[in-house]
Each structure stands twice: as C-alpha cells, then as structure tokens.
Amino acid sequence: MKALRLAVACAVGGLALAATMTTPTRAQQPAPAAGNAPTMDAIRARGTLICGVTTGLAGFAQPDSQGVWRGFDVDYCRAVAVALFNDANRVRYVPTTAQARFTALQSGEVDMLARNTTWTLSRDTSLGFDFTGINFYDGQGFMVKASTGVRTARELEGATICVQPGTTTEQNLTDWARANRIRFTPVVIERLEEVVQAYVAGRCDAYTTDVSGLAATRSAQPNPREHTILPDVISKEPLGPLVRHGDQRFADLLRWIHFGLLGAEELGITSANVQQRMTDANPEVQRMLGRSGDLGRMLGVDNAWMANIIRTVGNYGEIFARNLEPIGIQRGPNALWTQGGLQYSPPFR
Amino acid sequence: MSSSAADPRFASAGPPKRPLRLSWGDERVRGIFWQVLVVGIVGTVIWWLWSNTVHNLEVRRIATGFGFLSREAGLPIGESLIEYDPSNTYLRALTVGVLNTLKVAVIGIVLATILGTVIGIARLSNNWLLSKLAGVYIEVIRDLPLLLQLLFWYTILQGLPGPRQALNPVDGVFLSNRGMKLPFIEWTAAHWWTLLAMVAGIALTWAYARVMRQRQYADGQPRKVWPAGLALIVGVPLAVWVAFGAPFTPDIPVLRGFNFRGGITVSPEFFALLIGLVTYTAGFIAEVVRAGIQSVQHGQWEAAQALGLRRGEILRKIVMPQALRVIIPPLTSNYLNLTKNSSLAVAIGYQDIVSIANTTLNQTGQAIEGIAIIMLVYLTISLSISLFMNWYNAKIALVER
C-alpha cells in the first residue's frame, strides 16, 4: 500500500514537472497545417494582428506618453494590419524579451515578430521560422564613455564589457575577441535597463550591441555627448520581420509589404501625394496602387493594399525619417540602391 | 513507531491476515482499484502531454535532442571556477554554471546559518536594545521581496568609485565598482599538499574524539580533545608546508590598463548576490533558531543548573540537542530556498546555471531541453541537501518512546 501511494505521489510530481516543461511549446493553437494560410485565416477570424515587439527600444518600438506604441518596427506591424483590415489600429502589441521572443512565435502566442531580430541560418531552419526580408541593415558596435579617450575597439584590451545574453551579440563579441586576441571580462545582464545602468554606473568600460541600439540608448541619456560610439562594426546584423514556417502566404504578404514600402520610395509615392498619384500614367505605379492588375488579390488581400499602407503609414523613407532620424541614425546602408544603399525591391509585376 | 519495538506484546504483526476476496466489499480491493485508477489517469495525462509536445515540435520543424551539448558554445562567462574559454562546448559552459550556483549556495548556506543563529540568539537576549534591533532586522528583511534587495545591493556596489580611484582600506585590498581585489599567494603543489594534510587532520581529530568519547562512556572521565586536534589540524599541515621549503610568493593586485591584474577578485555580481541571499535567509533562520531555543522548557535549564553544569555546557549538552529537533526540519527548507533563490542571479548578471542555460537555449533554440537541464540541476542539488539534512536530523534525533 505504502509503496503504491509513493508511486502515485511520484507520478503526480512527475505530472507537475511535465506540465511545466511542456507549457512553452503548447499554447493556444493546434499546429499549423501545410497548404492554406492558417495564420492569415486566424488573424482574420480574430480581427486583430498580434505583433511581437521589443520591450521598449527608442526609435524601434516604444509606447509614447499616451501609451501608444510607436517606432520603426511598430510601423511594420501597422502596415500588415492595414493590408489585412485597412485599419492600422487593429494590432495588439506583445512586448517580448530577447530570450522569450522565439518561444512566443513558435507557440503561436504572436503572429509575427518585428523586433530587431538578426537573420541567421540556424534561426531560419532549426528554430522553424521564415524571415521575410531585411528592413534594417545593422552591425554590432561598441559605446564607451568619451572621458576614457578610447578611439577604436582594438584599444579595449583588458576591458570589462557589458552585454545582454541570449542574442547573437554575445557570440559576435567572443568571436571578435578571439580573432583579435583581445582579452575582456564580460558582464552579462538580461534586462536592457539593468545592463545600460551597469554601463552608465561604470561597472563596464564599454557596452556592446547593434549600432542602432547604441544610438537609441545614447539618445536616451541625459547628456548623449558623454558617450562615444566607436567606428568599428564587428558583425553583420540584417534585421527583419519573421513568421512561423508553414504559412507561406502570410510570409509572402510580409515580404511584399516591405518591397512595396521600398518601391513606393523609389517611385516617389508618399503619404502626402498618394491621392494625386492614383491617376499617374506610369504602369508600375498603376499596378502598385491597385489601379490595374490584380497584385493584391494574388497576395490574398485587397487590391488597394499598398495605396492604403502608404496613405496611413508612409513609404520606407518616411518611416525611417519619422522614427530613426530623430535618434541620430543615418540612412547609410539602408539608403535605396539608387542612392548607393542596399535596399532594393524586385519589380511589381 | 518505536513503541511497538519497545513493547514485546506489540512486536508480532497486527491483525490476522484475511484472504483477498474479489468483491467491492473488501476494503483492500477497493483500495487497489482507486490507486490503479489514479495512476492510470496520471499516466495517460503525462503520455498525452509528451506525445503532443513531440508532435508539435515535429510539425514546426524544431530540432530536438541533446546533441547541442557537444557543440562549441561561444558565449562569454565572466567568472568561473574551472578553466573556461568560449571555444569550449555547451556542456563545459553549463558545468561552469552549475559550479557557480554551487559556489554561491554553499558559501551562502554557511554564512546564513552563522548570521541567522547570531541574530536568533540576539533576539532572545535580555539586552533590550539588542533584542529590538534583531526584531527590526528580521521584520524588515523578511517583508521585502528578495529581487528588490538584490537590485539594491547591486546598485550600491555600482556606486563605488572606478578602478583608478579605488578605495584602498588596507594595503593590497582594493574596493571599486569592478569588485573587491584581494592579495593572494602564488598557488603551488606544496599548497595542495598542505591543504590535503589539513583535511586529513580534521578526519583524524574526528576519529580521535570518537575514541575519547567511548573511553568516557567506559569510565566516566571527560578527556580533553583540543590539544591533539590543534596538533593534527594546524601542526601537521604546517610541518608539511615547511618540509616543502615554505613557498610563499605574495600575488598583490596592481592597476594596469582598464583594470587590476593579479590577486583574486570578488565580483560585484557575486558579492551582491551573496549579501542579498545571506541577509535575507538569515532573517528566516533567526526565527527558526529562536523558536527552537524557546521550545525547550525553562525547567530543563533549572534542572541542569541544579546538577552543577556551567551555562555553556547546559546550552551544548541539554538545550541544543532538544532545540535542534525543532530547528533542523525548517532549516532544511531555508537551505533549499536559498539555493533556489540563487536563480535570481539572472537579474544582476551573475552567471549561474539559469543564466547560462537561458543563453544556451536561446542560441540553440532548444527551450525544452534547456529548461529540463535547469530543473534537473536544481532537483539534484535540492535532493542532495534534503538527503543530507534528513540524515543529520535522524542522527541527532533523541530516541523517544
């Protein structure tokens, strides 16, 4: 009897264990079936898009004083909502930490991620995701206090460097140090606020993350001039929105929204002039704005999708100027290919 | 339990055995039925959770298995008890994490026990100021969330001056926002032998004390153990050290470049975590100790005094053995709490097993395996503490009727 009771107790304990173990992977929905557009259908049935964003990074995604989310990534969420519902406000934003983001997307807690996520081979394959494009070409850099007089990253020999865990940043840092035979002491802190505070308080000599993130952090300091972003960029960080494997049509939609935003900038269509351009004779403008052809329908949305997006969100250049130029980020590699940058859209045909 | 062993009338088995009847009226058949049912339901639920997870992982093409453990980790670790380099494997990195958790847990448990006992006794003191101070300490510490206290200590330590303006209270000791730098000696093989001799000395002293106690039981004469103990624990290692030529090269920290070189470092992250855990857990242990001592009736003190025992002897030989029965079980819970609370290290950047496993599962994307590793580690540590404390509890338990 006693042994049996013990067995039951063990089994109950085991159950609790198994329950905790499995919760992250089996939330809400059944697994997406291949073929149709399960994610898109689910979003339409729900009436809102659930978009995973950062927990707050100036310029990319941050609630303003009224609690309304604003930023570069947020505008991509809004653009998707416009394409699906013709209403930029039908988005629920879910702030995700660097560590929780992938589980959130895998489990179906969010429909898509638009949050400073670097496109890598392993994330595209073994994590079960599809990256839908590169909306921001970034690279990892270092920020130091101007008072230290450090000019290049090579002078960081022996330094203590603050870094957030769970990202490619950590690996890039060790790769760079090994390649350049630089010894350093890491201080690894999970929350963005804490790691920045540790750097500001002088616990670390340098803080490393993507250059865009450094610019955002620097702009939020009481005196940004006290901090210098070193010129060295030690990695490639192509950032872009991503979705789960298994809904190619939703991935297609996101991919072409990004291209549409680029194409609109290239063709000079802005939120201000989109109404006049509706009657533009240029056939590519006609196709993009849904005046001719059936491009929207091919993606499973209204033919006026791109016109609506440009009217409410603006083109790529407008999104960039509104969100990122105020915090001191230049176009650089994110300029259009016609202006010496890397942003290039395939044709709208 | 023990009463049946003591009284021969109860020694034989209880009620006479009846044959098992296959009927609902038989109490044992009913018992077996319900237990089989419960085990069946639990088993089915576990199987369902398991198969559902495996299915979903397959559908989403998420890699599974523990193969990642032998891949190169590439993650930086600030402090480590064993040699570690980012080119080592994930297994090695996780081992470093486990050792870091053990380091803070073991040192924390020892210090929390000492501090908690002192405060618990202080709270019972006749000195009004002392007992009130201890009371205030316990109430304040116990009522604030631990995470808040950790962030408080970490912020305080970050407020120290930078390495170039480091506080230098004693020669060779530097206190800055990079941590505490202490002088050390250059560790050689001779020092290992000395340490080994000391461990052997402690074991021998313990054996010697045991023999002496047996003799006391035989003839009733108490014998002094400490002179032999001193010779074995201090004298012999010292002799070993001298025999090796008494190597002693001090390793004093000096400021070079961004930071200090040489000496040993206590990092602010470790220090903040240790202070937080020790002060927090000590508040609970103090109450446990107080309850234990108060559980011994005052009559015991008086009776012992009437026998002519000194105060220290009364505490050691009469009160403590009885108080420990009350103290040990809740003390075990506090040790377990301290160990598990050390996972809050993530918030202040001390790289324990949770921190490193989190990074690992993020880089490899294998969340289930990562969480399973964390759970396994804590389960192993906690069960070991429990087993040890239960053994100790059984050993010191008074044989009662």
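## A buried helix in chain B

In helix H10 of chain B, the buried residues include B:Val319, B:Ala323, B:Ile327, B:Leu331 and B:Asn334. B:Tyr335, B:Leu338, B:Thr339 and B:Asn341 are buried in H10(B) too. Buried here means that 20 or more other C-beta atoms, placed from the backbone, lie within 10 Å of the residue's own; 12 or fewer makes a residue exposed, and anything in between is partly exposed. Helices are DSSP runs of H or I, at least four residues long, numbered from the N terminus. An α-helix has 3.6 residues a turn, so residues three or four places apart point the same way.

What do the buried residues of H10(B) pack against? Their partners in chain B are helix H3 (90-123), helix H5 (146-158), helix H8 (268-294), helix H9 (298-306) and helix H13 (367-396).

H10 of chain B covers residues 311-341, which is 31 residues. Its end C-alpha atoms are only 38 Å apart, while a straight helix would reach 45 Å. That expected span is 1.5 Å times one less than the number of residues. Where does H10(B) bend? At B:Met320, by about 50°. The bend is the angle between axes fitted to the seven residues ending there and the seven starting there. A proline, B:Pro321, follows within four residues.

## How the model was made and numbered

This is a predicted model: local features need pLDDT of at least 70, side-chain atom pairs count only at pLDDT 80 or more, and totals for chains, interfaces and linings use all residues. Residues are numbered from 1 along each chain as its sequence is written, and chains are lettered from A and ligands numbered from 1 in the order in which they are written.

The complex has an ipTM of 0.70 and a pTM of 0.73 from the predictor. Chain B averages a pLDDT (the predictor's confidence in each residue, from 0 to 100) of 86, and 94% of the residues score at least 70.

## Domains

Domain bounds come from an automatic or database domain assignment. Chain B has domain 1 (22-61) and domain 2 (95-163 + 262-396). Their centres, taken over C-alpha atoms, are 39 Å apart.

Chain A has domain 1 (34-138 + 238-349) and domain 2 (140-235). Here 30 Å separate the centres, again over C-alpha atoms.

Technical notes: Helix = DSSP H or I, 4+ residues; strand = E, 2+ residues; numbered from the N terminus. Contact = placed C-beta atoms within 7 Å.
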